[in-house]
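Trainee: I have a new model open and would like to talk it through with you. Could we start with the overall layout and then move to the details?

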Amino acid sequence: MNKIYKYSMNANHDDPEGVIRSFLDKRKIKYSCNLLLVFEISDSSPYFEDVLSFMNGRTEFQPQVRIKYSKKELEEAKYLSIWLRKYSGYPQPEEAKDIKNSYINHTFNTSNFCTKCGSGLIQNDSFYLKKSFNIDKIRFGGVYWEYDTFFITTELRDLFVKEKFTGIEFIPVKNIKTKQIIDTIVQLKIDAVFPSKLQYEVEKVINCKQCNQTRDVVKTNSELSAPKEIFSQLDKDFYLSQEFHGDGLLCCKSVLISNRVYKFFAKEKIKNICAKPILFI
Ligand SMILES: [Zn+2]
């Protein structure tokens, strides 16, 4: 695991004399520079301390920090949290404010829906998608807003069935225009709930005054962990986290997969997935 520090600044304004660029050139650290001067440095780089102290002298530049896991760390993780690299459009109808005419009312039972934080929805119908929603090539996709819901090709579903992956069900997806079932895509709905809360660093906690639901905004560079005592109870390949995440009307859970699923994705060259190991400590 390495921490990658990313600096991004206005080249003309923040480095008018090229002092930073010259500093980077001397150390052969690559950067891109159009209007924005952008570079990254890993905490494993021999120049890491050097760069950090140089940049700390210019306090207005706060780097964004992200964690990069090695291939070995990902392959050896017992469970991983996943999300998508790329989302393809919105659930239909994509009207978000007028609940009656939005996908929320089409796809979910809204009797416990909280209009302030988005919690309390129970799915009772299919998701409706546009004809242009196309995951033929990537095979594993999703839509904005519904970050704990995935859509897969029926060909991939057949492989999931063959692998006997657990904790999931497959739900038909419908075309918004024709209201007919799309026969090439299904929704991958995750039913199993992870038996303990995940632990992570919290950016902020949002407590909804209307329904009392709590949501965490997790720091992007936070590691994820779970108590090691629960490991022996884990017998599903897919889980949703107990806790909710998101800001505004976003109220989603984390999706966790087993090592077996991760290896299956690697073997099948499913590229649309980012993963982060869960540490059992
Ligand atoms: Zn609420």
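Mentor: Domain bounds here come from an automatic or database domain assignment. On that basis the protein chain is given domain 1 (2-68) and domain 2 (71-281), and please keep in mind that this is a predicted model.

Trainee: How far apart are the C-alpha centres of domain 1 and domain 2?

Mentor: The two C-alpha centres lie 35 Å apart, in a chain whose C-alpha trace spans about 60 × 45 × 40 Å along its principal axes.

Trainee: And how many helices and strands does the chain have?

Mentor: There are 7 helices and 18 strands in the protein chain. Of its 281 residues, 27% count as buried, and among contacts between residues at least 6 apart in sequence, 65% join residues at least 24 apart.

Trainee: What about confidence, then: what is the mean pLDDT?

Mentor: The mean pLDDT of the chain is 92, with 99% of the residues reaching 70 or more. Taken by element, helix α1 (residues 11-14) has the lowest mean, 88, while helix α6 (residues 154-163) has the highest, 98.

Trainee: Let's look at the sheet with β1 in it; what is the strand order?

Mentor: The order is β2-β3-β1-β4, an open sheet of 4 strands with antiparallel pairing. Its edge strands are β2 and β4 (64-68), each of which pairs on one side only. Ignoring direction, neighbouring strands of this sheet are turned by 20° against each other on average.

Trainee: How many bridges hold β1 and β3 together?

Mentor: β1 and β3 pair over 7 bridges in the antiparallel sense. Isoleucine 4 has serine 42 in β3 as its bridge partner, and methionine 9 has leucine 37 in β3.

Trainee: Which residues make up the covered face of β3?

Mentor: The covered face of strand β3 (residues 36-42) consists of Leu37, Phe39 and Ile41, whereas Leu36, Val38, Glu40 and Ser42 form the uncovered one.

Trainee: Back to methionine 9: why does it count as partly exposed?

Mentor: Methionine 9 counts as partly exposed because it has 18 C-beta neighbours inside 10 Å, and a residue needs 20 or more to be buried. This residue sits in strand β1 (residues 2-10). Leaving aside residues up to four places away in sequence, methionine 9 touches Asp14, Asp15, Leu36, Leu37 and Phe61. The C-alpha atoms of methionine 9 and leucine 36 are separated by 5.5 Å, although the two residues are 27 apart along the chain.

Trainee: Changing topic, which residues touch the most other members in the largest nonpolar core?

Mentor: In that core of 37 residues, Leu80, Leu256 and Ile257 touch the most other members. The largest share of this core, 4 residues, comes from β12. There is also a second, separate core of 9 residues, which includes Tyr5, Tyr7, Leu37 and Ile41.

Trainee: And what does isoleucine 257 touch?

Mentor: Not counting residues up to four places away in sequence, isoleucine 257 touches Tyr79, Leu80, Ile82, Asp237, Phe238 and Tyr262.

Trainee: You mentioned β12; what does β10 do with that strand?

Mentor: β10 pairs with strand β12 (residues 181-190) in the antiparallel sense over 4 bridges, one of the bridge pairs being threonine 153 with isoleucine 185 in β12. β10 (residues 150-153) also pairs with strand β9 (residues 140-141), again antiparallel, over 2 bridges, and there glycine 141 has phenylalanine 151 as its bridge partner.

Trainee: Is arginine 139 buried or exposed?

Mentor: Arginine 139 counts as buried, with 20 C-beta neighbours inside 10 Å. This residue lies in the loop between β8 (128-129) and β9 and has a positive phi of about 70° although it is not a glycine.

Trainee: And lysine 179, buried or exposed?

Mentor: Lysine 179 is exposed, with 10 other C-beta atoms within 10 Å. Its place is in the loop between β11 (168-175) and β12, and its phi is also positive, near 65°.

Methods
Residues numbered from 1 in each chain as written. Predicted model: local features only at pLDDT ≥ 70, side-chain atom pairs only at ≥ 80, totals over all residues. Buried ≥ 20, exposed ≤ 12 C-beta atoms within 10 Å, placed from the backbone. Contact = placed C-beta atoms within 7 Å. Pairing = 2+ DSSP bridges. Core = buried A, V, L, I, M, F, W, Y, C linked by C-beta atoms within 7 Å. Axes fitted to C-alpha atoms, helices over the stretch in contact; angles between N-to-C directions. pLDDT = per-residue confidence, 0-100.
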